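Here are some notes to read alongside the coordinates.

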Amino acid sequence: MAESAPKRIKTPGALIGTHNGHFHADEALAVHMLRMLPTYADAPLVRTRDPALLQTCHTVVDVGGEYDAARNRYDHHQRGFTTTFPGRPTKLSSAGLVFLHFGRAIIAQRLQQAEDAADVQLLHRKLYESFIEALDAHDNGIAVYDPTAVSAAGLEKRFSDGGFSLGAVVGRLNPNWNDPVPSDRDEAQRQEDDRFMTASRRIGEEFEREVDYLAKAWLPARSIVQEAFNKRLEYDPQGRVLVFEGQSTPWKDHLYTLEDGTPSVLYVLYPESTQPGAKWRIQCVPESKDSFVSRKPLPESWRGFRDEELDGISGIPGCVFVHAAGFIGGNKTFEGAKEMAIKALAA
């Protein structure tokens with residue numbers, strides 16, 4: 001919980017400051033990220049716009065009109081601010097600024113490696129692109145797609161996405177416009193601060209899950225995907241089939257990186273589990289990581305059929321299913337899944 005105003009002034013140590021009032025995802029995450037580090041682990045928080053109080057803070061985020069890393073000032077609202085993460089176009093918010101300067105230390109602590117280690121550098125960029133950049137864009141009013149281009153193309157949403165963006169998750173924790181406000185000023189601020197800390201923990205949990213996933217699952221998958229990519233010519237002379245011989249692993253990001261802008265792999269084969277006799281899957285490679293469009297869907301005549309009926313249609317024994325959308329299928333054996341890939345390539 002944030003401290004009351006009198007305690008804030010007297011509290012020694014790495015006092016963190018941010019603004020009071022309506023809160024957003026960027027400063028909620030900025031505060032959480034700082035507190036992941038030993039320097040700030042027990043740091044108290046002041047939420048205020050009072051310049052005198054902010055002057056007492058060791059580190060200030062999202063308020064104060066100043067970006068000066070040497071003085072631990074990380075605001076992005078001032079006129080002329082244009083700082084971006086290296087190699088990315090999106091203007092930073094307070095979350096991006098804190099991650100730019102403290103992200104490597106957070107990752108290094110999690111991996112128990114040096115800040116200049118190759119894996120730390122890789123995850124610093126990956127985390128920014130997969131998580132932080134969306135917050136920066138949201139806070140700076142930057143749409144995922146150019147609104148003018150979308151309007152010119154006549155595109156409209158087919159359905160509501162429910163508003164469950166990272167920013168919306170935090171925004172919902174602000175008081176409603178018609179919630180009662182305590183008449184006592186200190187009590188009103190205490191309740192607002194409590195809501196902010198709930199929001200900071202909420203988005204912080206999501207951030208930590210992303211860090212741990214990338215460190216413990218995504219990163220170890222690199223070598224497995226690399227090995228399969230190196231052996232792809234064993235299954236198809238043009239390298240269009242990727243096979244995971246032991247078990248599946250998160251492969252999309254790594255595959256697109258290995259292809260280096262030259263798409264080649266169309267199908268990925270993998271066992272459903274590590275158990276002996278496990279069934280096999282054939283999955284189509286999508287045009288991009290989040291796309292529902294496959295580079296080459298499974299044949300239309302197979303889609304929506306199962307078991308013996310699919311065996312007869314495809315001429316391949318042991319078929320289990322092909323999804324109605326044609327992006328994935330299954331067979332009882334590796335040989336059967338490989339034959340499905342070969343026939344699909346020729347279709």
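Contact in these notes means heavy atoms within 4.5 Å. The model is predicted.

1. Asp 253 sits in helix α9, which spans residues 252–259. Neighbours within four places in sequence aside, Asp 253 has contacts with Lys 126, Trp 218 and Lys 289. Its relative accessibility is 16%, so Asp 253 counts as buried; the cut-off for buried is under 20%.

2. The domain assignment divides the protein chain into domain 1 (16–218) and domain 2 (235–346). Between the C-alpha centres of domain 1 and domain 2 the distance is 39 Å.

3. Helix α2 (residues 25–35) packs with helix α5 (residues 118–139) at an angle of about 140 degrees, and the axes are 9 Å apart. That angle makes α2 oblique to α5, because angles over 145 degrees are needed to count as roughly antiparallel.

4. On the α2 side, the residues in this contact are Ala 25, Asp 26, Leu 29 and Met 33. They meet Phe 131, Ile 132, Leu 135 and Asp 139 in α5. Sorted by class, the contact of α2 with α5 comprises six nonpolar and two charged residues, with no polar ones.

5. Is Leu 135 buried or exposed? With 2% relative accessibility, Leu 135 counts as buried. Leu 135 belongs to helix α5. Not counting residues up to four places away in sequence, Leu 135 touches Ala 25, Leu 29, Ser 93, Ala 95, Leu 166, Gly 167 and Ile 203.

6. Leu 135 and Val 46 are 89 residues apart along the chain, and 22 Å separates their C-alpha atoms.

Conventions:
Residues numbered from 1 in each chain as written. Predicted model: local features only at pLDDT ≥ 70, side-chain atom pairs only at ≥ 80, totals over all residues. Heavy atoms only, no water. Axes fitted to C-alpha atoms, helices over the stretch in contact; angles between N-to-C directions. Helix = DSSP H or I, 4+ residues; strand = E, 2+ residues; numbered from the N terminus. Parallel < 35°, antiparallel > 145°, perpendicular 65-115°, else oblique. Nonpolar A, V, L, I, M, F, W, Y, C, P; charged D, E, K, R; others polar. Domains from an automatic or database assignment. Buried < 20%, exposed > 50% of the residue type's maximum accessible area, 1.4 Å probe, protein only.
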